[in-house]
Amino acid sequence: MSPRNFVRRFKQATGDSPLIYLQKLRVAAAKRLLESDHRTVQEVSGAVGYQDAAFFRQLFERHTGVCPSAYRQRFGA
């Protein structure tokens, strides 16, 4: 299967491009860590696959509407 065909079929099946789908999975994992763990935002970003914590913060806010620290305050233990 060609990469173009894969992207087209993936988007047809999931509604998202492979990159957006992966970002959503990583943000969901980060949300679980922020709710239940006491790691820093830097550690959480590394744990879900992002080395740049600033990029992770922007991405998290884009997908959830709040920054990671505000999410932790609202939904953390």
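Visitor: Why is F60 called buried?

Guide: Buried means under 20% relative accessible area, exposed over 50%, partly exposed in between (1.4 Å probe, protein chains only). F60 has a relative accessible area of 0%, so F60 counts as buried. Mind you, this is a predicted model: local features need pLDDT of at least 70, side-chain atom pairs count only at pLDDT 80 or more, while totals for chains, interfaces and linings use all residues. Residues are numbered from 1 along each chain as its sequence is written, and side-chain values use heavy atoms, leaving out hydrogens and water.

Visitor: Which residues is F60 in contact with, leaving aside its neighbours within four places in sequence?

Guide: Contact means heavy atoms within 4.5 Å. For F60 that gives V27, A30, K31, L34, G65, V66, C67, P68 and Y71.

Visitor: What makes Y50 and F56 a tilted aromatic pair?

Guide: Rings of Phe, Tyr and Trp (its six-membered ring) pair if their centres lie within 6.5 Å; planes under 30 degrees apart count as stacked, over 60 as edge-to-face and the rest as tilted. By this rule the count comes to 7 aromatic pairs. For Y50 and F56, the centres are 6.0 Å apart and the planes make 35°, so they pair, and the pair is tilted. Ring pairs also join Y50, F55, F56, F60, Y71 and F75 into a cluster.

Visitor: How do you know that the charged end of R26 sits over the ring of Y50?

Guide: The rule asks for NZ of Lys or CZ of Arg within 6 Å of the ring centre and within 35 degrees of the ring normal. The charged end of R26 is 4.8 Å from the centre of the Y50 ring, and it sits over that ring.
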